[in-house]
Amino acid sequence: MEPILSVQNLNKYYGDQVGCKNMNMTLYPGEVVGVVGESGSGKTTFINSISGNLNPDRGKILINKDNEIINFLEISESLKRLLIRTELAFVHQNPRDGLRLDVSAGGNISERLMSIGQRNYGNIRQTIFKWLDKVEIDKSRVDDFPRTFSGGMLQRLQIAKNLVTSPKIIFMDEPTGGLDVSVQAKILDLLRKLVRELNLSVVIVSHDLAVIRLLADKIIVMKNGEAVETGLCDQVLDDPQHSYTQLLVSSVLQV
Amino acid sequence: MNNVLKFKNKKANVAAQDEIYNFAYLDENTKRMIRRALIKALCIPGYQVPFSSREMPMPYGWGTGGVQVTSSCLTTDDVLKVIDQGADDTTNAVSIRNFFKKTANIETTEKTSQASIIQTRHRIPEEKLKEKQILVYQVPIPEPLAFLEPRYQETKKMHALSEYGIMHVKLYEDITKNGHIETAYAYPVKTNDRYIMDPSPIPKFDNPKMNNNPAIQLFGAGREQRIYAIPPYTEVTSIDFEDYPFDPSKAPHKCSICGSNDSFLDEIITDDDGNRSFICSDTNYCNQRMKDK
(Lines give C-alpha, C1' and ligand atoms only; values in the text may rest on other atoms or scores of the structure.)
Protein backbone atom coordinates (compact mmCIF):
# COMPACT_ATOMS: atom_id res chain seq x y z
CA MET A 1 0.00 0.00 0.00
CA GLU A 2 1.21 3.50 -0.85
CA PRO A 3 1.23 6.21 1.85
CA ILE A 4 -1.40 8.89 1.28
CA LEU A 5 0.82 11.58 2.79
CA SER A 6 4.53 11.57 3.20
CA VAL A 7 6.56 14.35 4.81
CA GLN A 8 10.30 14.37 4.23
CA ASN A 9 12.85 16.41 6.10
CA LEU A 10 10.54 19.35 6.78
CA ASN A 11 11.97 22.54 8.30
CA LYS A 12 10.26 25.70 9.40
CA TYR A 13 12.09 28.58 11.03
CA TYR A 14 10.80 31.86 12.43
CA GLY A 15 13.86 34.00 11.77
CA ASP A 16 16.53 32.34 13.88
CA GLN A 17 13.98 30.50 15.97
CA VAL A 18 13.31 26.86 15.16
CA GLY A 19 9.65 26.13 14.47
CA CYS A 20 10.22 22.50 13.57
CA LYS A 21 13.28 20.76 12.22
CA ASN A 22 14.03 17.60 10.20
CA MET A 23 10.50 16.27 10.52
CA ASN A 24 9.55 13.05 8.74
CA MET A 25 6.20 11.32 8.67
CA THR A 26 4.32 8.77 6.60
CA LEU A 27 0.57 8.43 6.81
CA TYR A 28 -1.18 5.43 5.27
CA PRO A 29 -4.87 5.39 4.28
CA GLY A 30 -7.05 4.74 7.32
CA GLU A 31 -4.25 5.48 9.72
CA VAL A 32 -4.17 7.96 12.60
CA VAL A 33 -0.87 9.60 13.52
CA GLY A 34 -0.69 11.47 16.82
CA VAL A 35 1.77 14.28 17.48
CA VAL A 36 2.46 14.98 21.15
CA GLY A 37 4.76 17.29 23.05
CA GLU A 38 4.68 20.14 25.50
CA SER A 39 3.66 23.73 24.73
CA GLY A 40 6.14 25.31 22.34
CA SER A 41 7.53 22.01 21.10
CA GLY A 42 6.52 22.77 17.50
CA LYS A 43 3.43 20.59 17.18
CA THR A 44 1.22 23.32 15.81
CA THR A 45 3.96 24.66 13.51
CA PHE A 46 4.35 21.14 12.14
CA ILE A 47 0.65 20.54 11.47
CA ASN A 48 0.22 24.03 10.00
CA SER A 49 3.21 23.47 7.71
CA ILE A 50 1.92 20.19 6.31
CA SER A 51 -1.68 21.36 5.89
CA GLY A 52 -0.95 24.45 3.79
CA ASN A 53 -1.53 27.05 6.53
CA LEU A 54 2.18 27.89 6.75
CA ASN A 55 4.94 27.82 4.17
CA PRO A 56 7.78 25.59 5.37
CA ASP A 57 11.35 26.63 4.52
CA ARG A 58 12.66 23.25 3.38
CA GLY A 59 11.44 19.74 2.82
CA LYS A 60 8.94 17.80 0.78
CA ILE A 61 5.26 17.03 1.26
CA LEU A 62 3.93 14.36 -1.08
CA ILE A 63 0.20 13.74 -1.31
CA ASN A 64 -1.18 10.70 -3.08
CA LYS A 65 -4.32 11.72 -4.93
CA ASP A 66 -5.86 8.81 -6.83
CA ASN A 67 -2.43 7.21 -7.36
CA GLU A 68 -0.94 10.45 -8.57
CA ILE A 69 1.80 11.84 -6.34
CA ILE A 70 1.44 15.60 -5.84
CA ASN A 71 4.34 17.63 -4.50
CA PHE A 72 2.29 19.90 -2.25
CA LEU A 73 4.90 22.64 -1.89
CA GLU A 74 5.52 23.04 -5.62
CA ILE A 75 2.03 23.14 -7.09
CA SER A 76 0.27 26.34 -8.10
CA GLU A 77 -1.69 28.35 -5.56
CA SER A 78 -4.98 27.55 -7.28
CA LEU A 79 -4.40 23.77 -7.23
CA LYS A 80 -3.22 24.02 -3.64
CA ARG A 81 -6.38 25.80 -2.56
CA LEU A 82 -8.50 23.34 -4.51
CA LEU A 83 -6.77 20.45 -2.68
CA ILE A 84 -7.32 22.20 0.65
CA ARG A 85 -11.03 22.54 -0.19
CA THR A 86 -11.55 19.00 -1.41
CA GLU A 87 -8.88 16.51 -0.32
CA LEU A 88 -7.76 18.04 2.98
CA ALA A 89 -9.61 19.24 6.04
CA PHE A 90 -8.42 21.16 9.08
CA VAL A 91 -10.18 21.03 12.43
CA HIS A 92 -9.09 23.97 14.59
CA GLN A 93 -8.74 23.86 18.34
CA ASN A 94 -11.11 26.80 18.62
CA PRO A 95 -14.15 25.98 16.47
CA ARG A 96 -14.81 29.70 16.04
CA ASP A 97 -11.68 29.83 13.84
CA GLY A 98 -13.11 27.25 11.49
CA LEU A 99 -16.72 28.41 11.31
CA ARG A 100 -18.56 31.44 9.99
CA LEU A 101 -20.42 32.66 13.05
CA ASP A 102 -22.87 34.88 11.14
CA VAL A 103 -23.95 32.02 8.86
CA SER A 104 -26.41 29.35 10.03
CA ALA A 105 -25.21 25.86 10.97
CA GLY A 106 -26.55 24.47 7.70
CA GLY A 107 -24.89 27.25 5.72
CA ASN A 108 -21.57 26.43 7.34
CA ILE A 109 -21.83 22.77 6.40
CA SER A 110 -22.92 23.61 2.85
CA GLU A 111 -20.07 25.98 1.97
CA ARG A 112 -17.61 23.30 0.88
CA LEU A 113 -20.34 21.54 -1.12
CA MET A 114 -21.15 24.69 -3.05
CA SER A 115 -17.51 25.56 -3.56
CA ILE A 116 -17.06 22.30 -5.47
CA GLY A 117 -20.03 23.15 -7.66
CA GLN A 118 -23.18 21.66 -6.08
CA ARG A 119 -26.11 23.81 -7.14
CA ASN A 120 -29.20 21.94 -6.02
CA TYR A 121 -30.69 23.34 -2.82
CA GLY A 122 -32.75 20.22 -2.07
CA ASN A 123 -29.79 17.86 -2.38
CA ILE A 124 -27.54 20.16 -0.37
CA ARG A 125 -30.16 20.30 2.36
CA GLN A 126 -30.35 16.48 2.45
CA THR A 127 -26.56 16.21 2.80
CA ILE A 128 -26.62 18.74 5.64
CA PHE A 129 -29.21 16.69 7.56
CA LYS A 130 -27.21 13.52 6.99
CA TRP A 131 -24.14 15.14 8.51
CA LEU A 132 -25.95 16.74 11.43
CA ASP A 133 -27.18 13.26 12.22
CA LYS A 134 -23.65 11.83 11.97
CA VAL A 135 -22.20 14.36 14.40
CA GLU A 136 -25.24 14.03 16.69
CA ILE A 137 -26.61 17.56 16.41
CA ASP A 138 -30.39 17.77 16.51
CA LYS A 139 -31.88 18.46 13.07
CA SER A 140 -34.03 21.25 14.47
CA ARG A 141 -30.87 23.30 15.03
CA VAL A 142 -30.01 23.42 11.31
CA ASP A 143 -31.03 27.06 10.82
CA ASP A 144 -29.62 28.35 14.11
CA PHE A 145 -26.48 30.44 14.24
CA PRO A 146 -23.32 28.86 15.66
CA ARG A 147 -23.17 31.51 18.34
CA THR A 148 -26.18 29.87 19.99
CA PHE A 149 -24.31 26.52 20.20
CA SER A 150 -22.37 25.15 23.17
CA GLY A 151 -18.62 24.53 22.91
CA GLY A 152 -19.01 20.81 22.27
CA MET A 153 -21.70 21.36 19.63
CA LEU A 154 -19.53 23.95 17.90
CA GLN A 155 -16.69 21.46 17.70
CA ARG A 156 -19.01 18.80 16.27
CA LEU A 157 -20.35 21.34 13.77
CA GLN A 158 -16.81 22.18 12.71
CA ILE A 159 -16.10 18.48 12.19
CA ALA A 160 -19.23 18.13 10.04
CA LYS A 161 -18.32 21.23 8.02
CA ASN A 162 -14.91 19.73 7.28
CA LEU A 163 -15.94 16.17 6.51
CA VAL A 164 -18.92 16.95 4.26
CA THR A 165 -16.91 16.73 1.04
CA SER A 166 -15.28 13.44 2.15
CA PRO A 167 -11.71 14.70 2.33
CA LYS A 168 -8.98 12.06 2.38
CA ILE A 169 -6.69 13.60 5.01
CA ILE A 170 -7.87 15.32 8.17
CA PHE A 171 -5.63 17.53 10.27
CA MET A 172 -6.74 18.19 13.82
CA ASP A 173 -5.08 20.66 16.15
CA GLU A 174 -6.13 19.86 19.73
CA PRO A 175 -9.74 19.08 18.73
CA THR A 176 -10.76 18.49 22.34
CA GLY A 177 -8.78 21.32 23.93
CA GLY A 178 -10.88 23.63 26.09
CA LEU A 179 -13.78 21.21 26.46
CA ASP A 180 -14.81 19.63 29.72
CA VAL A 181 -14.07 15.92 30.14
CA SER A 182 -17.54 14.52 29.48
CA VAL A 183 -17.87 16.55 26.28
CA GLN A 184 -14.31 15.59 25.40
CA ALA A 185 -15.24 11.93 25.73
CA LYS A 186 -18.23 12.45 23.45
CA ILE A 187 -16.13 14.15 20.77
CA LEU A 188 -13.50 11.41 21.01
CA ASP A 189 -16.16 8.74 20.65
CA LEU A 190 -17.51 10.53 17.62
CA LEU A 191 -14.07 10.93 16.06
CA ARG A 192 -13.25 7.28 16.63
CA LYS A 193 -16.52 6.25 15.03
CA LEU A 194 -15.99 8.50 12.00
CA VAL A 195 -12.38 7.41 11.54
CA ARG A 196 -13.41 3.74 11.44
CA GLU A 197 -16.61 4.26 9.42
CA LEU A 198 -15.15 6.52 6.74
CA ASN A 199 -11.64 5.07 6.77
CA LEU A 200 -10.15 8.53 7.37
CA SER A 201 -6.45 9.27 7.48
CA VAL A 202 -5.79 11.66 10.33
CA VAL A 203 -2.93 13.68 11.75
CA ILE A 204 -3.90 14.76 15.24
CA VAL A 205 -1.98 17.11 17.49
CA SER A 206 -2.56 17.01 21.22
CA HIS A 207 -0.77 17.51 24.49
CA ASP A 208 -3.15 14.99 26.03
CA LEU A 209 -1.68 11.50 25.91
CA ALA A 210 -5.04 9.92 26.69
CA VAL A 211 -6.54 11.43 23.54
CA ILE A 212 -3.65 10.19 21.44
CA ARG A 213 -3.75 6.72 22.98
CA LEU A 214 -7.45 6.43 22.25
CA LEU A 215 -7.27 7.53 18.61
CA ALA A 216 -3.78 7.11 17.20
CA ASP A 217 -2.03 4.15 15.60
CA LYS A 218 1.36 5.81 15.40
CA ILE A 219 2.89 8.55 17.48
CA ILE A 220 5.48 11.28 17.05
CA VAL A 221 6.90 12.81 20.24
CA MET A 222 8.25 16.33 19.73
CA LYS A 223 10.54 18.47 21.82
CA ASN A 224 12.17 21.80 20.90
CA GLY A 225 10.97 21.50 17.31
CA GLU A 226 12.34 18.01 16.71
CA ALA A 227 10.91 14.50 16.79
CA VAL A 228 12.60 12.73 19.68
CA GLU A 229 10.75 9.43 19.39
CA THR A 230 8.43 7.82 16.86
CA GLY A 231 6.75 4.47 16.63
CA LEU A 232 3.56 2.54 17.22
CA CYS A 233 1.39 4.34 19.73
CA ASP A 234 1.02 1.51 22.27
CA GLN A 235 4.66 0.60 22.00
CA VAL A 236 5.95 4.10 22.62
CA LEU A 237 3.55 4.82 25.47
CA ASP A 238 4.06 1.46 27.21
CA ASP A 239 7.81 1.37 26.77
CA PRO A 240 9.14 4.89 26.23
CA GLN A 241 12.82 5.01 25.26
CA HIS A 242 13.66 8.71 25.18
CA SER A 243 13.97 10.43 28.53
CA TYR A 244 11.52 13.15 27.51
CA THR A 245 8.89 10.59 26.49
CA GLN A 246 9.42 8.83 29.81
CA LEU A 247 8.83 12.13 31.59
CA LEU A 248 5.74 12.79 29.50
CA VAL A 249 4.25 9.35 30.19
CA SER A 250 4.99 9.53 33.89
CA SER A 251 3.40 12.97 34.17
CA VAL A 252 -0.06 11.75 33.18
CA LEU A 253 -2.47 12.34 36.03
CA GLN A 254 -4.16 9.27 37.40
CA VAL A 255 -7.64 9.49 38.81
CA MET B 1 -6.22 66.59 -27.24
CA ASN B 2 -8.57 66.37 -30.16
CA ASN B 3 -11.41 67.16 -27.84
CA VAL B 4 -9.70 70.24 -26.62
CA LEU B 5 -9.24 71.58 -30.16
CA LYS B 6 -12.79 70.78 -31.11
CA PHE B 7 -13.93 72.40 -27.91
CA LYS B 8 -11.97 75.56 -28.62
CA ASN B 9 -13.70 75.76 -31.99
CA LYS B 10 -17.01 75.62 -30.28
CA LYS B 11 -15.90 78.31 -27.91
CA ALA B 12 -18.34 80.82 -29.26
CA ASN B 13 -21.16 78.94 -27.56
CA VAL B 14 -19.49 78.80 -24.17
CA ALA B 15 -20.17 81.41 -21.55
CA ALA B 16 -16.96 83.19 -20.61
CA GLN B 17 -16.83 82.02 -16.99
CA ASP B 18 -16.78 78.34 -18.01
CA GLU B 19 -13.57 78.52 -19.99
CA ILE B 20 -11.67 77.81 -16.81
CA TYR B 21 -12.75 74.18 -17.11
CA ASN B 22 -11.10 71.67 -19.41
CA PHE B 23 -13.58 69.84 -21.68
CA ALA B 24 -15.86 67.76 -19.45
CA TYR B 25 -14.17 69.02 -16.27
CA LEU B 26 -11.35 66.44 -15.87
CA ASP B 27 -7.86 67.23 -17.18
CA GLU B 28 -6.61 65.26 -20.19
CA ASN B 29 -4.07 63.18 -18.22
CA THR B 30 -6.71 61.97 -15.82
CA LYS B 31 -9.03 61.10 -18.68
CA ARG B 32 -6.25 59.14 -20.35
CA MET B 33 -5.64 57.21 -17.12
CA ILE B 34 -9.36 56.41 -16.80
CA ARG B 35 -9.61 55.39 -20.48
CA ARG B 36 -6.75 52.95 -19.94
CA ALA B 37 -8.61 51.45 -16.98
CA LEU B 38 -11.77 51.27 -19.12
CA ILE B 39 -9.98 49.43 -21.94
CA LYS B 40 -8.50 46.96 -19.48
CA ALA B 41 -11.93 46.48 -17.89
CA LEU B 42 -13.50 45.80 -21.30
CA CYS B 43 -10.82 43.21 -22.07
CA ILE B 44 -11.54 41.28 -18.85
CA PRO B 45 -15.34 41.43 -18.45
CA GLY B 46 -16.40 41.74 -14.82
CA TYR B 47 -12.87 42.23 -13.48
CA GLN B 48 -12.45 45.20 -11.14
CA VAL B 49 -9.67 47.51 -12.35
CA PRO B 50 -8.26 49.87 -9.71
CA PHE B 51 -7.94 53.49 -10.82
CA SER B 52 -6.87 56.64 -9.13
CA SER B 53 -10.21 58.27 -8.55
CA ARG B 54 -10.24 62.08 -8.42
CA GLU B 55 -12.16 64.31 -6.09
CA MET B 56 -15.19 65.60 -7.93
CA PRO B 57 -17.26 68.67 -7.10
CA MET B 58 -19.96 66.47 -5.60
CA PRO B 59 -20.14 64.20 -2.55
CA TYR B 60 -19.27 60.49 -2.63
CA GLY B 61 -22.40 58.45 -3.14
CA TRP B 62 -23.76 60.90 -5.70
CA GLY B 63 -22.09 59.29 -8.66
CA THR B 64 -18.48 60.46 -8.57
CA GLY B 65 -17.37 57.23 -10.23
CA GLY B 66 -19.98 57.43 -12.97
CA VAL B 67 -19.22 61.11 -13.62
CA GLN B 68 -15.51 60.37 -14.07
CA VAL B 69 -16.25 57.56 -16.51
CA THR B 70 -18.72 59.71 -18.44
CA SER B 71 -16.25 62.58 -18.50
CA SER B 72 -13.56 60.32 -19.99
CA CYS B 73 -15.90 58.97 -22.67
CA LEU B 74 -17.53 62.23 -23.78
CA THR B 75 -16.72 63.82 -27.13
CA THR B 76 -18.21 67.02 -28.48
CA ASP B 77 -20.57 65.01 -30.70
CA ASP B 78 -22.09 63.04 -27.85
CA VAL B 79 -25.66 63.35 -26.67
CA LEU B 80 -25.97 62.71 -22.95
CA LYS B 81 -28.87 61.34 -20.95
CA VAL B 82 -28.71 61.05 -17.16
CA ILE B 83 -31.19 59.06 -15.10
CA ASP B 84 -31.58 58.50 -11.40
CA GLN B 85 -33.73 55.48 -10.43
CA GLY B 86 -35.08 55.60 -13.98
CA ALA B 87 -36.15 59.25 -13.79
CA ASP B 88 -34.73 62.14 -15.81
CA ASP B 89 -36.07 64.83 -13.50
CA THR B 90 -34.68 64.01 -10.06
CA THR B 91 -32.01 66.06 -8.30
CA ASN B 92 -29.09 63.74 -9.03
CA ALA B 93 -29.97 63.40 -12.71
CA VAL B 94 -30.65 67.10 -13.24
CA SER B 95 -27.47 68.26 -11.53
CA ILE B 96 -25.18 65.82 -13.34
CA ARG B 97 -26.78 66.79 -16.65
CA ASN B 98 -26.26 70.47 -15.86
CA PHE B 99 -22.69 69.75 -14.80
CA PHE B 100 -21.80 68.37 -18.21
CA LYS B 101 -23.83 71.02 -20.03
CA LYS B 102 -21.73 73.60 -18.26
CA THR B 103 -18.30 71.95 -18.48
CA ALA B 104 -18.58 70.22 -21.85
CA ASN B 105 -21.30 72.20 -23.59
CA ILE B 106 -22.70 69.02 -25.09
CA GLU B 107 -26.21 68.26 -26.15
CA THR B 108 -28.44 66.46 -23.64
CA THR B 109 -31.63 64.54 -24.06
CA GLU B 110 -34.23 62.61 -22.12
CA LYS B 111 -34.90 60.19 -24.98
CA THR B 112 -33.14 56.87 -24.52
CA SER B 113 -32.96 56.19 -28.25
CA GLN B 114 -31.28 59.54 -29.03
CA ALA B 115 -28.58 59.36 -26.37
CA SER B 116 -25.09 58.13 -27.18
CA ILE B 117 -24.04 58.05 -23.51
CA ILE B 118 -26.48 57.30 -20.70
CA GLN B 119 -25.30 57.73 -17.15
CA THR B 120 -27.54 55.85 -14.76
CA ARG B 121 -28.08 55.40 -11.10
CA HIS B 122 -29.76 52.08 -10.21
CA ARG B 123 -31.74 51.35 -13.40
CA ILE B 124 -31.35 50.15 -16.98
CA PRO B 125 -33.74 51.97 -19.35
CA GLU B 126 -36.79 49.98 -20.46
CA GLU B 127 -36.18 50.80 -24.11
CA LYS B 128 -33.73 48.36 -25.72
CA LEU B 129 -30.23 49.80 -26.08
CA LYS B 130 -28.43 49.72 -29.42
CA GLU B 131 -24.90 49.34 -30.69
CA LYS B 132 -22.71 52.44 -30.28
CA GLN B 133 -24.54 53.43 -27.10
CA ILE B 134 -22.67 53.53 -23.79
CA LEU B 135 -24.39 52.88 -20.47
CA VAL B 136 -22.45 54.24 -17.48
CA TYR B 137 -23.43 52.89 -14.06
CA GLN B 138 -22.81 54.67 -10.76
CA VAL B 139 -21.53 52.06 -8.32
CA PRO B 140 -21.42 52.42 -4.54
CA ILE B 141 -19.76 49.09 -3.62
CA PRO B 142 -18.11 47.25 -6.51
CA GLU B 143 -17.03 44.13 -4.59
CA PRO B 144 -19.80 41.48 -4.64
CA LEU B 145 -18.01 39.49 -1.93
CA ALA B 146 -17.56 42.50 0.37
CA PHE B 147 -20.35 41.61 2.80
CA LEU B 148 -19.25 37.98 2.99
CA GLU B 149 -15.49 38.39 3.21
CA PRO B 150 -14.29 41.69 4.69
CA ARG B 151 -10.60 41.25 3.75
CA TYR B 152 -9.94 42.86 0.36
CA GLN B 153 -6.75 40.82 -0.21
CA GLU B 154 -8.74 37.65 0.34
CA THR B 155 -11.56 38.63 -2.05
CA LYS B 156 -8.95 39.40 -4.71
CA LYS B 157 -7.59 35.90 -4.29
CA MET B 158 -11.08 34.41 -4.38
CA HIS B 159 -11.75 36.17 -7.70
CA ALA B 160 -8.40 35.10 -9.11
CA LEU B 161 -9.02 31.45 -8.26
CA SER B 162 -12.80 31.50 -8.98
CA GLU B 163 -13.54 30.49 -5.39
CA TYR B 164 -17.16 31.50 -5.39
CA GLY B 165 -18.72 28.89 -3.07
CA ILE B 166 -19.40 31.54 -0.47
CA MET B 167 -21.62 33.48 -2.90
CA HIS B 168 -24.04 30.58 -2.92
CA VAL B 169 -23.90 30.40 0.88
CA LYS B 170 -25.57 33.81 0.83
CA LEU B 171 -28.34 32.53 -1.45
CA TYR B 172 -28.63 29.37 0.67
CA GLU B 173 -29.20 31.51 3.76
CA ASP B 174 -31.80 33.54 1.86
CA ILE B 175 -33.80 30.47 0.86
CA THR B 176 -33.49 28.93 4.32
CA LYS B 177 -34.74 32.07 6.02
CA ASN B 178 -37.43 33.17 3.57
CA GLY B 179 -38.24 30.20 1.39
CA HIS B 180 -36.98 32.04 -1.69
CA ILE B 181 -34.00 34.15 -2.76
CA GLU B 182 -34.67 37.44 -1.01
CA THR B 183 -31.97 39.52 -2.73
CA ALA B 184 -33.96 41.97 -4.88
CA TYR B 185 -31.30 44.46 -6.00
CA ALA B 186 -27.54 44.26 -6.58
CA TYR B 187 -28.21 40.64 -7.45
CA PRO B 188 -24.80 39.09 -8.24
CA VAL B 189 -24.08 37.99 -11.81
CA LYS B 190 -21.43 35.92 -13.51
CA THR B 191 -19.86 37.70 -16.48
CA ASN B 192 -18.59 35.80 -19.49
CA ASP B 193 -18.65 32.61 -17.37
CA ARG B 194 -15.75 33.87 -15.27
CA TYR B 195 -16.01 36.78 -12.83
CA ILE B 196 -18.78 37.24 -10.29
CA MET B 197 -19.80 40.89 -10.52
CA ASP B 198 -21.97 43.30 -8.59
CA PRO B 199 -24.32 44.90 -11.16
CA SER B 200 -24.62 48.01 -8.91
CA PRO B 201 -27.92 48.35 -7.05
CA ILE B 202 -30.18 47.88 -10.07
CA PRO B 203 -33.34 45.87 -9.34
CA LYS B 204 -32.91 42.20 -10.24
CA PHE B 205 -35.70 42.88 -12.76
CA ASP B 206 -33.02 44.59 -14.87
CA ASN B 207 -30.45 41.77 -14.65
CA PRO B 208 -31.59 39.95 -17.81
CA LYS B 209 -31.14 43.19 -19.80
CA MET B 210 -27.40 43.06 -19.16
CA ASN B 211 -27.09 39.74 -20.96
CA ASN B 212 -26.03 40.00 -24.62
CA ASN B 213 -26.67 43.73 -24.63
CA PRO B 214 -25.46 45.45 -27.83
CA ALA B 215 -24.40 48.54 -25.86
CA ILE B 216 -21.16 48.99 -23.93
CA GLN B 217 -21.75 48.85 -20.18
CA LEU B 218 -19.24 50.67 -17.95
CA PHE B 219 -19.24 50.74 -14.15
CA GLY B 220 -17.51 53.41 -12.07
CA ALA B 221 -17.07 53.38 -8.29
CA GLY B 222 -15.50 56.68 -7.22
CA ARG B 223 -15.02 56.19 -3.50
CA GLU B 224 -13.86 52.57 -3.88
CA GLN B 225 -11.67 53.51 -6.88
CA ARG B 226 -12.72 50.66 -9.15
CA ILE B 227 -13.83 50.44 -12.75
CA TYR B 228 -15.33 47.38 -14.42
CA ALA B 229 -17.17 46.75 -17.65
CA ILE B 230 -19.25 44.45 -19.83
CA PRO B 231 -18.39 44.58 -23.54
CA PRO B 232 -21.25 44.38 -26.08
CA TYR B 233 -22.86 40.97 -26.61
CA THR B 234 -21.39 39.39 -23.48
CA GLU B 235 -23.05 36.59 -21.59
CA VAL B 236 -24.23 37.75 -18.16
CA THR B 237 -26.03 35.22 -15.95
CA SER B 238 -27.60 35.74 -12.54
CA ILE B 239 -26.39 33.10 -10.10
CA ASP B 240 -28.99 30.73 -8.63
CA PHE B 241 -29.79 27.15 -7.61
CA GLU B 242 -31.11 24.45 -9.97
CA ASP B 243 -34.25 24.05 -7.87
CA TYR B 244 -34.54 27.77 -7.04
CA PRO B 245 -33.93 29.44 -10.41
CA PHE B 246 -33.39 33.19 -10.81
CA ASP B 247 -36.69 35.08 -11.00
CA PRO B 248 -36.65 38.72 -12.24
CA SER B 249 -39.81 39.54 -10.37
CA LYS B 250 -41.75 42.83 -10.40
CA ALA B 251 -44.77 44.25 -8.61
CA PRO B 252 -47.96 42.55 -9.91
CA HIS B 253 -49.54 45.80 -11.10
CA LYS B 254 -49.94 48.03 -14.14
CA CYS B 255 -48.54 51.53 -14.43
CA SER B 256 -51.38 53.80 -13.37
CA ILE B 257 -50.30 56.45 -15.90
CA CYS B 258 -49.45 54.58 -19.11
CA GLY B 259 -50.87 51.17 -18.22
CA SER B 260 -47.65 49.32 -19.06
CA ASN B 261 -47.64 45.75 -17.85
CA ASP B 262 -44.00 44.90 -18.34
CA SER B 263 -41.98 47.86 -17.03
CA PHE B 264 -40.44 48.23 -13.59
CA LEU B 265 -42.78 50.08 -11.22
CA ASP B 266 -42.31 52.54 -8.36
CA GLU B 267 -44.76 52.37 -5.50
CA ILE B 268 -46.21 55.77 -4.57
CA ILE B 269 -48.16 56.30 -1.37
CA THR B 270 -50.93 58.73 -2.30
CA ASP B 271 -52.57 59.65 1.03
CA ASP B 272 -52.54 59.00 4.76
CA ASP B 273 -55.00 56.09 4.48
CA GLY B 274 -52.46 53.74 3.00
CA ASN B 275 -53.67 54.09 -0.58
CA ARG B 276 -50.97 53.60 -3.14
CA SER B 277 -50.45 53.54 -6.84
CA PHE B 278 -47.77 52.16 -9.11
CA ILE B 279 -46.07 54.10 -11.89
CA CYS B 280 -43.22 53.37 -14.31
CA SER B 281 -39.82 54.11 -12.78
CA ASP B 282 -38.50 54.93 -16.29
CA THR B 283 -40.08 58.37 -16.86
CA ASN B 284 -38.97 58.63 -20.49
CA TYR B 285 -40.53 55.26 -21.32
CA CYS B 286 -43.81 56.25 -19.61
CA ASN B 287 -43.98 59.67 -21.33
CA GLN B 288 -43.21 58.12 -24.71
CA ARG B 289 -46.04 55.61 -24.30
CA MET B 290 -48.46 58.40 -23.39
CA LYS B 291 -47.40 60.40 -26.46
CA ASP B 292 -47.83 57.38 -28.73
CA LYS B 293 -51.39 57.01 -27.50
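Select Asp66(A) to begin: this residue is exposed, with 7 other C-beta atoms within 10 Å. The model on screen is a predicted one. Asp66(A) belongs to the loop that joins strand S4 (58-65) to strand S5 (68-71) of chain A. Display its backbone torsions as well, for phi is positive here, at about 45°, although the residue is not a glycine.

**Chain A: two domains**

Next, colour chain A by domain. Domain 1 consists of 1-87 + 168-255, and domain 2 of 100-166. Between the centres of domain 1 and domain 2 of chain A, taken over C-alpha atoms, the separation is 25 Å.

**Chain A: a pair of helices**

Select residues 105-115 and 151-163 of chain A, which are helices H4 and H6. Two packed helices are described by the angle between their axes and the distance between the axes. For H4(A) and H6(A), the angle is about 30° and the axes are 7 Å apart. Angles under 35 degrees count as roughly parallel, and H4(A) is therefore roughly parallel to H6(A).

Show the side chains at this contact. From H4(A) come Ala105(A), Asn108(A), Ile109(A) and Arg112(A), and they meet Leu157(A), Ala160(A) and Lys161(A) of H6(A). The residues of this contact of H4(A) with H6(A) comprise four nonpolar, one polar and two charged.

**Crossing to chain B**

Display both chains and select the residues at their contact. Chain A contributes 16 residues to the contact and chain B contributes 14. On the side of chain B that touches chain A there are seven nonpolar, three polar and four charged residues.

Now hide chain A and view chain B as a cartoon. Eight helices and 12 strands can be traced in chain B. The radius of gyration of chain B is 20 Å, close to the 19 Å that the globule rule gives for 293 residues, so chain B is as compact as a globular protein of that length. Along the principal axes, the C-alpha atoms of chain B fill a box of roughly 65 × 50 × 35 Å. Of the 293 residues in chain B, 43% are buried. Among contacts in chain B with a separation of 6 or more, 62% join residues 24 or more positions apart.

**Chain B: domains**

Colour chain B by domain: domain 1 covers 2-145 + 179-238, and domain 2 covers 250-293. The C-alpha centres of domain 1 and domain 2 of chain B are 26 Å apart. Where these domains of chain B touch, 14 residues of domain 1 are in contact with eight residues of domain 2. The side of domain 1 of chain B that touches domain 2 has four nonpolar, three polar and seven charged residues.

Select helix H2 (residues 28-43) and helix H3 (residues 64-73) of chain B, whose axes come within 9 Å and cross at roughly 100°. H2(B) and H3(B) are therefore roughly perpendicular to each other. At their contact, Lys31(B), Ile34(B), Arg35(B) and Leu38(B) of H2(B) meet Gln68(B), Val69(B), Ser71(B) and Ser72(B) of H3(B). The residues of this contact of H2(B) with H3(B) comprise three nonpolar, three polar and two charged.

Is Tyr25(B) buried or exposed? Tyr25(B) is buried, with 21 other C-beta atoms within 10 Å. Leaving aside neighbours within four places in sequence, Tyr25(B) is in contact with Ser71(B) and Thr103(B). A distance of 9.0 Å separates the C-alpha atoms of Tyr25(B) and Gln68(B), which are 43 residues apart along the chain.

**Last stop**

Finally, select Tyr233(B), in the loop between strand S9 (226-230) and strand S10 (236-238) of chain B. Tyr233(B) is exposed, with 11 other C-beta atoms within 10 Å. Its phi is near 55°, a positive value in a residue other than glycine.

Key
Residues numbered from 1 in each chain as written. Chains lettered and ligands numbered in written order. Predicted model: local features only at pLDDT ≥ 70, side-chain atom pairs only at ≥ 80, totals over all residues. Helix = DSSP H or I, 4+ residues; strand = E, 2+ residues; numbered from the N terminus. Rg over C-alpha atoms; globule rule 2.2 N^0.38 Å. Buried ≥ 20, exposed ≤ 12 C-beta atoms within 10 Å, placed from the backbone. Contact = placed C-beta atoms within 7 Å. Axes fitted to C-alpha atoms, helices over the stretch in contact; angles between N-to-C directions. Parallel < 35°, antiparallel > 145°, perpendicular 65-115°, else oblique. Nonpolar A, V, L, I, M, F, W, Y, C, P; charged D, E, K, R; others polar. Domains from an automatic or database assignment.
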